[in-house]
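Subject: The two-chain model, and what turned up in it

Hi,

Here is the structure I promised to pass on.

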Amino acid sequence: MKKTLLEKVILTVLTILVVLFFMIPIYWLITTSFKFGREAFAIPPKWFVFDFTLKNYYEALTQVKTTRFILNSVIITTGATLLSLVLGVPAGYAIARSRSRLLNISSYFFLLLLMVPPVAMLIPFYLIMRDVQLLGTYAAVIILDTVFDASFVVWMMRSYFSDVPREMEEAALVDGASHLGAFLKVALPLSVPGIVASALYVIIYSWNDFLFALMLTSPKTKTIPLGILASFSAVEIGWGRMAAMSVFAIIPAVIISLFLNRYFVQGLTLGATKG
Amino acid sequence: MLANLAGIPSLNEIRGFLLMSRRSNLNKSITLSIRRFFIEDGAYLVMLAPLLIFVIVVAIYPLFFSFRISLFEYRLTDPNQTQTFVGFQNYVRAFSDQVVKSSLITTLIYVAGTVSIELLLGLGLALLLGAETQIARVIRSFLLMPMALPPLVVGLVWKALYNADFGVIPYYLKLAGFNVGRGPLAELNLAMPAVILVDVWQWTPLLMVIFLAGLKSLPTEPYEAAIVDGASRWQSFFYITLPLLKPTFLIALLLRTMQSFKVFDTIYATTGGGPGSQTTVLNFHIYTVGMTFFQMGYAAALANILLVVVAILSILYIMVLERQQL
């Protein structure tokens, strides 16, 4: 079963091709953000040697309201993440621990909710938000994001808590703690990795959201993806600036996939494959 | 008692048990279940209630609202905001609408194309990069990046790469002797494959992750037996790995199918549904009807049809997950 030299060479070449395919677009984006307009689209393409400039970043921060867009994205992401954790983690715990069949089944209700096509939720939600005068506020986007975020958190945390042995909580109950106390003082500290994993997933989901923000925000509450799109179509040759703004938009993705990947992968697989 | 057999009974329960042991059996079980309901399930219900109320108000109510709207003719831009009741006419119209039909076919092509390619490549990547070496681990973490990126940014980057005049991809295609015309995104027969490639780029790594988890959970015994029997690597792959991976395959297939049905950002950023309506998937069409033409009733009816399709897929997915556990 030892690999032959030929096989080794083929596998190495394949690996290099895979890495190139998946990394070139990201490399292109980052280098373009440091290029002058004329070099960004030079023919033939300048992959490695080009005049380095921070002009695009300077323009993105001074001529377009990039800081405002980033701030809006941070506010919406933080709001949706906190709200969905506060609502979702106790609910996931209750479903994992309860012996009531009804409560156990309710986890599938949240899974179904997670699958709802965003556009099906968006049309009625848009009209309702208009009627309650919340259109264009942070709250509108946070609330709709939280529907999907919290459903994910419940599903994820239910799987996670099922793997945490219940003996310690039961010992606490014997010592006179309430069920809520056992959850807060015993189960919660034990489940920090699971909470981190679901939080990362939720952060990515809310940060990357485009459709909800497109329909529900106003010029004042626009998030970074919308800002990128707006600045891009406003100016004829805005590629460099678009790239610079996009680099800001991909910071969470880069940090999470390179430095917190253990938790991120856990969120992806536990959420997807464990019933 | 019954409820807590696995753990240690609390003092209260022991006291209750002593009290109850004097009573009849029937009485005992009733008191126990009432007690369980109010104390234990009560506490759990309190933990679940906030989310349940939140979801009913901001998700279930809108879905009912959406059904109501779909029974009306309602134009958002109408100054009087008149809503005329038309019964199921919006649904009847949806089923006879040629545009809906063609966008449904487009959706099916998109879903079939993306999901099948991603499943195969994802499995390939998992096999290629599954080793527990330092370098494989580093490459894997880099490959996580595409799926964490905002789909809109991904779409814009590829739009630039595809650009006919100064894009990188047409430049190399031209060098290789291909005629790219107005660029992959603007040519009728190239637009769909070009958009599928963007989706493949972003989501194949997710399938790699799922297959890696699946491969890791496989038992080692069959492989040892295969080595003893002198099977080749290909044989053990085809006769052991693939059959054992079937459940993972099914889950990955359903999960990605559901996600693929919901594609929006990628289409919005790259082609905007064009050229013509080559890449107008149903989801994008619904958005256009609702938010560009402001026909809220009709858009809601279309969205509800999509909802039913995705719900059927979701229930299938849940049933597969349930079977997995047995």
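In what order do the elements of chain A run from the N terminus on? The run is α-α-α-α-α-α-α-α-α-α-α-α-α-α, and the count for chain A is 14 helices and zero strands. Please keep in mind while you browse that this is a predicted model. The predictor gives the complex an ipTM of 0.91, with a pTM of 0.87.

**Chain A**

The C-alpha trace of chain A spans about 75 × 70 × 30 Å along its principal axes. Of its 275 residues, 52% count as buried. If you take the contacts in chain A between residues at least 6 apart in sequence, 77% of them join residues at least 24 apart.

Chain A is divided into two parts, domain 1 (5-54) and domain 2 (59-273). Their C-alpha centres lie 32 Å apart. Where they meet, seven residues of domain 1 of chain A are in contact with seven residues of domain 2 of chain A. On the domain 1 side, the elements that give two or more residues are H1 and helix H2 (37-40) of chain A, and H1(A) gives the most, with three residues. That side of domain 1 divides into three nonpolar residues, three polar and one charged.

One backbone detail to look up in chain A is A:Gln133, which has a phi near 65°, a positive value in a residue other than glycine. You will find A:Gln133 in the loop between helix H6 (118-131) and helix H7 (138-163) of chain A. A:Gln133 counts as exposed because it has 9 C-beta neighbours inside 10 Å.

**Where the chains meet**

How many residues of chain A are in contact with chain B? There are 85 on the chain A side, in contact with 78 residues of chain B. Helix H1 (residues 5-32) of chain A supplies the largest share of the chain A side, eleven residues. By type, the chain A side divides into 67 nonpolar residues, 13 polar and five charged.

Together with B:Leu302, B:Ala303 touches the most other members of the largest nonpolar core, which has 166 residues. Leaving aside neighbours within four places in sequence, B:Ala303 is in contact with A:Pro117, A:Val119, A:Ala120 and A:Ile123 in chain A, and with B:Ser66 and B:Ile286 in chain B.

**Chain B**

Chain B has 15 helices and two strands. Buried residues make up 38% of its 326 residues. Among the contacts in chain B between residues at least 6 apart in sequence, 68% join residues at least 24 apart.

Is B:Leu282 buried or exposed? B:Leu282 counts as buried, because 27 C-beta neighbours lie inside 10 Å. Its place is in helix H14 (residues 282-291) of chain B. Not counting residues up to four places away in sequence, B:Leu282 touches B:Ser103, B:Leu104, B:Thr107 and B:Leu306.

Just after H10(B), B:Gly230 takes a positive phi of about 80°.

In the loop between helix H13 (265-270) and H14 of chain B sits B:Pro275, and the peptide bond from B:Gly274 to B:Pro275 is cis, with omega near -5°. In the loop between H14 and helix H15 (296-325) of chain B sits B:Phe294. The phi of B:Phe294 is near 60°, a positive value in a residue other than glycine. B:Phe294 is partly exposed, with 14 other C-beta atoms within 10 Å.

**A word on confidence**

Chain B averages a pLDDT of 85, and 87% of its residues score at least 70. Over residues 1-9 of chain B, pLDDT stays under 50, and the model has 17 contacts beyond four places in sequence for them. Where pLDDT is low, the predicted coordinates should not be read in detail.

Enjoy looking through it!

Best wishes

How values were computed
Residues are numbered from 1 along each chain as its sequence is written. Chains are lettered from A and ligands numbered from 1 in the order in which they are written. This is a predicted model: local features need pLDDT of at least 70, side-chain atom pairs count only at pLDDT 80 or more; totals for chains, interfaces and linings use all residues. Helices (H or I, at least four residues) and strands (E, at least two) are DSSP runs, numbered from the N terminus. A residue is buried if 20 or more other C-beta atoms lie within 10 Å of its own, exposed if 12 or fewer, and partly exposed in between; C-beta atoms are placed from the backbone. Two residues are in contact if their C-beta atoms, placed from the backbone, lie within 7 Å. A nonpolar core is a set of buried Ala, Val, Leu, Ile, Met, Phe, Trp, Tyr and Cys residues joined through C-beta atoms within 7 Å. Ala, Val, Leu, Ile, Met, Phe, Trp, Tyr, Cys and Pro count as nonpolar, Asp, Glu, Lys and Arg as charged, and the others, Gly among them, as polar. Domain bounds come from an automatic or database domain assignment. pLDDT is the predictor's confidence in each residue, from 0 to 100.
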